[in-house]
Amino acid sequence: MAKQDRPYTLINVIGGPIGVYEDHVEFLETHLKLITMEEFLENKQVLSQKIEAMYMWFKKPEATRELLQSLPNLKVIANSGVGVDHLDLKLISSFGVKVANTPFAVANPTADLGIALLMASARRIVEGYQIALSPETKYFEADWLGEEINGATLGIIGMGHIGYKVAQRAKAFDMKILYHNRKRRTVDEEQAVGAIYCQNKEDLLQQSDFVMLTVILTPQTRNLIGKKELELMKPTATLINVCRGQVVDQDALLNALQNGVIKAAALDVTYPEPLPRDHPLLKLKNIIITPHIGSATVKARRLMMISMVESILDGVNGLPVPNEVHG
Ligand SMILES: O=C(O)[C@H](O)CO
């Protein structure tokens, strides 16, 4: 693309914990004219007229009303990742701005992580690592046991791109797969992974040995799993969450884990993130917590970037926006 044709695109900063990756910049600069927030604020009058896109890498820059008001020619916001719960979609669309996300880029690595957490929990890998490392360990105990996952029942709540990829993987482990979703998958899709639809999430909760959460966070899914739902689960069951912390009532989960209502939990997401260092969930033995790493692979982050650039280029050229999110 000729240099002068690249759309002016607002980014937060390059590098550091809240910045665009330095090794993505060459690709980005080939397609977009990147303007950092600092450059924008220094030369607001000129740049505000030129900026047509926002490259929102891990929630930054924030799409505040004030920022949207100062960008009269903004056409599209490309959001890294699939979750858009940090965005006020109504507000953004009232400015005539479209939003796109990257559902395809994150589906495989997030499903991989879900299965990794399931396996780690079933085979007590984190505890085992600590035993293997501990100076207290004199011998390896023969009765220190985990669970096998083949033949076990996995209940997937949320059968979008990620949930379906989880099912594909679970099939390879000969798990029995149940799922609950707003919309039922086609019979062909169900048969391809051997998944059985549960119209009521209660049925799924009662029957599953592992419950995996892969929904998006909306007002309807906030606290989807609370005291009542945890009590429906088997006392031998494990809850795995790879979507958003707020989908689970964390106090109810703490209580359930402390009192044997369920056996264990494996969470890639909590609220807040990270949890305060003295949070009681961090003190439990029957929990694994990872730092929100569903999409944290080199490949996924590159695919996210490419997908975001595609959405921006089509968006500023008045074409249908790939992966447009409708509020
Ligand atoms: O929303 C997502 O895709 C992840 O949580 C962030 O990568």
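This is a predicted model: local features need pLDDT of at least 70, side-chain atom pairs count only at pLDDT 80 or more; totals for chains, interfaces and linings use all residues.

Residues are numbered from 1 along each chain as its sequence is written, and side-chain values use heavy atoms, with hydrogens and water left out.

**Stop 1: the ligand.** Select F58, G81, V82, G83, V106, R244, H292 and S295, the residues around the ligand (each has a heavy atom within 4 Å of it). By class, that shell has three nonpolar, four polar and one charged residues; Gly counts as polar here, and Arg as charged.

Now zoom in on the ligand's oxygen atoms. For S295, a polar side-chain atom is 2.8 Å from an oxygen atom of the ligand. (A polar contact is a pair of N or O atoms within 3.5 Å.) On its own the ligand has 230 Å² of accessible area, and the protein covers 88% of that (Shrake-Rupley method, 1.4 Å probe).

**Stop 2: G19.** Head to the loop between β1 (8-11) and α1 (25-31), where G19 lies. Helices (H or I, at least four residues) and strands (E, at least two) are DSSP runs, numbered from the N terminus. Is G19 buried or exposed? G19 is buried, at a relative accessible area of 3%; buried means under 20%, with a 1.4 Å probe and protein chains only. Beyond its neighbours within four places in sequence, show V13, I14 and W57, which G19 contacts (heavy atoms within 4.5 Å). Then draw a C-alpha to C-alpha distance from G19 to L34: 12 Å in space, 15 residues apart in sequence.

**Stop 3: S70.** Next, pick the loop between α4 (65-69) and β4 (76-79) to find S70. S70 is buried too, with a relative accessible area of 17%. Setting aside neighbours within four places in sequence, its contacts are F40, K44 and S48.

Stop 4: Colour residues 22-325, which UniProt annotates in an unreviewed entry as "D-isomer specific 2-hydroxyacid dehydrogenase catalytic". That stretch is 39% helix and 15% strand, with end C-alpha atoms 27 Å apart. Then colour 115-294, listed by UniProt (unreviewed entry) as "D-isomer specific 2-hydroxyacid dehydrogenase NAD-binding". Residues 115-294 are 32% helix and 16% strand, and their end C-alpha atoms are 11 Å apart. Such annotations may be inferred rather than shown by experiment.

Key: Buried means under 20% relative accessible area, exposed over 50%, partly exposed in between (1.4 Å probe, protein chains only). A polar contact is a pair of N or O atoms within 3.5 Å; within protein, one must be able to donate a hydrogen and the other to accept it, and residues adjacent in sequence count only if both atoms are side-chain atoms.
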